[in-house]
Amino acid sequence: METPLDIYSIIGFFGTACIIGAYAYLTYVDEPNPFILHGTNLTGAGLLTVSLLVHTNWPSLVLEGFWAAIAVFGLVKALRGRTMRDTNGG
């Protein structure tokens, strides 16, 4: 079975690049910005989900759902931390 390289596959490749880029960023930067890290992961999961909705692979689709949920949790945590710092004057 051969899957064509269509627009949805290309979108999926961009999602893969986002997730790999976020992991590399986490690895190489001493103090990573959580908004860049989790935002890039969320973008990657979203793009891969678009691809997987057309070229369905259920285990990968479930993985992207968890990946996106963790990224949203990380963004919310970062926003709460920023709010606390702003409220406390620091």
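1. C18 lies in helix α1 (helices, H or I of at least four residues, and strands, E of at least two, are DSSP runs numbered from the N terminus). Setting aside neighbours within four places in sequence, C18 is in contact with T40, T43, G44 and L47 (contact means heavy atoms within 4.5 Å). C18 and L37 stand 19 residues apart in sequence, with their C-alpha atoms 9.6 Å apart in space.

2. On the basis of the note: this is a predicted model, in which local features need pLDDT of at least 70 and side-chain atom pairs count only at pLDDT 80 or more, while totals for chains, interfaces and linings use all residues. Residues are numbered from 1 along each chain as its sequence is written, and side-chain values use heavy atoms, with hydrogens and water left out.

3. On the overall form: the protein has three helices and zero strands, in the order α-α-α from the N terminus. Its radius of gyration is 16 Å, whereas a compact globule of 90 residues would have one near 12 Å (taken over C-alpha atoms; the globule rule is 2.2 Å times the number of residues to the power 0.38). Along the principal axes, the C-alpha atoms fill a box of roughly 60 × 25 × 20 Å. Of contacts between residues at least 6 apart in sequence, 66% join residues at least 24 apart.

4. On α1 and α2: these helices pack at an angle of about 155°, with axes 7 Å apart (axes are lines fitted to C-alpha atoms, for helices over the stretch in contact, and angles run from 0 to 180 degrees between N-to-C directions). That angle makes α1 roughly antiparallel to α2, a term for angles over 145 degrees. The residues in this contact include Y8, S9, I11 and F14 of α1 and N41, T43, S51 and V54 of α2. By class, the contact comprises 15 nonpolar, nine polar and no charged residues (Ala, Val, Leu, Ile, Met, Phe, Trp, Tyr, Cys and Pro count as nonpolar, Asp, Glu, Lys and Arg as charged, and the others, Gly among them, as polar).

5. On S9: this residue is found in helix α1, which spans residues 7-28. S9 is buried, because its relative accessible area is 13% (buried means under 20%, exposed over 50% and partly exposed in between, with a 1.4 Å probe and protein chains only). Not counting residues up to four places away in sequence, S9 touches P4, S51 and H55.

6. On α2 and α3: helix α3 covers residues 58-87, and α2 packs with α3 at an angle of about 155° and an axis distance of 8 Å. The two helices are therefore roughly antiparallel to each other. Among the residues that meet here are F35, N41 and L52 in α2 and E64, W67, A71 and R82 in α3. The contact divides into 15 nonpolar, six polar and two charged residues.

7. On N41: this residue belongs to helix α2, residues 34-54. N41 counts as buried because its relative accessibility is 11%. Apart from neighbours within four places in sequence, N41 is in contact with I19, A22, W67 and A71.

8. On P32: this residue is placed in the loop between α1 and α2. P32 counts as partly exposed, because its relative accessibility is 28%. P32 touches Y25 and L26, leaving out residues up to four places away in sequence. P32 and A22 are 10 residues apart in sequence and 9.7 Å apart in space, C-alpha to C-alpha.

How values were computed:
Parallel < 35°, antiparallel > 145°, perpendicular 65-115°, else oblique.
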